[in-house]
Amino acid sequence: MNITAENRKWLDDFNLNHPLVIAGPCSAETEDQVLKIAHELKDSKVSIFRAGIWKPRTRPGGFEGVGEIGLKWLKKAKAETGLLMATEVATAAQVKLALEYDIDVLWIGARTTVNPFAVQELADALQNTDKIVLVKNPVNPDLSLWIGGLERLYNAGIKKLGVIHRGFSTYEKTKYRNIPEWQIAIDFQNKFPDIPLIIDPSHITGNRDMIFQVTQEALDLNYDGMIIETHVDPDNAWSDAAQQVTPTRLKQIIFDLTIRKETDDADDYNNRLSRFRVDIDEYDRKLLEILGKRMKVADKIGALKKEKNVAVLQNKRWNEILGKMILDGEEKGLSEEFILKIFKAIHQESITHQEKVINN
Ligand code: PEP
Ligand code: MN
């Protein structure tokens, strides 16, 4: 795939600001709701209006979207406000309808990106379109699937491409609805620097109070834009109520964001620093995970020593370990002083763990 600067030209062609702001409700609900929101967003930094017409619901029984009639409302909203219109498509039939109603931006949802058959069906239906097509990351943290989705569209002759980072599913409950896994989006960005990268803080957080912070983090990582669910009456929205913000709040969020220019030297420094920090954070997380695992082994050793009535402190073994660590550390550019300090601390913690087990 030969992605070049051509692929970000649509941002300029449409005179879309940096950062690009896409906003609008999770779902189109009524004509009145669509028009009201679009008018409130009209004279702001928002250039693209979003609204789901067909909603992929995890379980049946939820609101599944208004369907074709919603496209009429979007068309009307575009005529009245001049905003570009965006919606999600998941089948060839939906693509056909969206094109008939001249929707400007089509996005592929996270539950569709996971399925190569479905993405290929969309790519075929969109063949050579000059519409903007955005690919959301798949729900599972798989960079290849995300790239594969983009490649299928690129191979179908679609040139105005972009990707949306909406976070990834986890079984465990976290403070996010979908954990960001920033590293995956950064890997994507490093591989395809000319594909615009857009943050979806609404689906990442699932919580309107966290939208600002996640958007700022993304801008610090040099993202090109944001897609934020916005509703005139968020609490009574028919889908994703907890994460939608009002147009007034959206404008405040945009006003408060620190927007970094791409060309400035100082910003280049900040962007690179932020990426390094993501790496550092990831390594620190791994360090903690490994230390936790190490102490669990210490607990098992403690249990064994208790069973055999053996003393916790085994000085000979400890001195051997330390000597080896100093040599290994030197090879990795780590000073003896640092190795001594860190392993003494680890050893101490290990002894504390074993003692706890033995005396229990
Ligand atoms: C949406 O944008 O409303 C949506 C359904 O998103 P996702 O595909 O990221 O879940
Ligand atoms: Mn939604």
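Trainee: Which helices each supply at least two residues of the lining of the largest pocket?

Mentor: Helix 8 (182–191), helix 10 (211–220) and helix 12 (265–308) do. Helices here are DSSP runs (H or I, at least four residues), numbered from the N terminus. Bear in mind that this is a predicted model, where local features need pLDDT of at least 70 and side-chain atom pairs count only at pLDDT 80 or more, while totals for chains, interfaces and linings use all residues. Residues are numbered from 1 along each chain as its sequence is written, chains are lettered from A and ligands numbered from 1 in the order in which they are written, and side-chain values use heavy atoms, with hydrogens and water left out.

Trainee: What makes a space a pocket, and what makes a residue part of the lining?

Mentor: On a 1 Å grid over the protein atoms alone, a pocket is an open set of points where a 1.4 Å probe fits, with protein on both sides within 12 Å along at least five of seven lines; lining residues have an atom within 4 Å of a point. The largest pocket holds about 470 Å³ of space. Its lining has 15 residues, and Trp-182, Gln-183, Val-278, Asp-281 and Glu-282 are the closest to its centre. Helix 12 gives the largest share of that lining, six residues.

Trainee: Why is the largest pocket said to lie between two domains?

Mentor: Domain 1 (5–256) and domain 2 (267–359) both contribute to its lining, so the pocket lies between them. The domain bounds come from an automatic or database domain assignment.

Trainee: How many residues of each class line the two pockets?

Mentor: The largest pocket has six nonpolar, two polar and seven charged residues in its lining. Ala, Val, Leu, Ile, Met, Phe, Trp, Tyr, Cys and Pro count as nonpolar, Asp, Glu, Lys and Arg as charged, and the others, Gly among them, as polar.

Trainee: Where does the largest share of the second largest pocket's lining come from?

Mentor: From helix 14, with six residues. The space in the second largest pocket is about 390 Å³.

Trainee: Why is helix 4 called roughly parallel to helix 6?

Mentor: Helix 4 (residues 92–100) and helix 6 (residues 116–126) pack at about 30 degrees, with axes 9 Å apart. Angles under 35 degrees count as roughly parallel, over 145 as roughly antiparallel, 65 to 115 as roughly perpendicular and the rest as oblique, so helix 4 is roughly parallel to helix 6.

Trainee: What makes helix 13 oblique to helix 14?

Mentor: Their axes come within 9 Å and cross at roughly 140 degrees. That angle therefore makes helix 13 oblique to helix 14.

Definitions and conventions. Grid points are joined across faces, edges and corners, and a volume is the space filled by probe spheres set on the points. Axes are lines fitted to C-alpha atoms, for helices over the stretch in contact, and angles run from 0 to 180 degrees between N-to-C directions.
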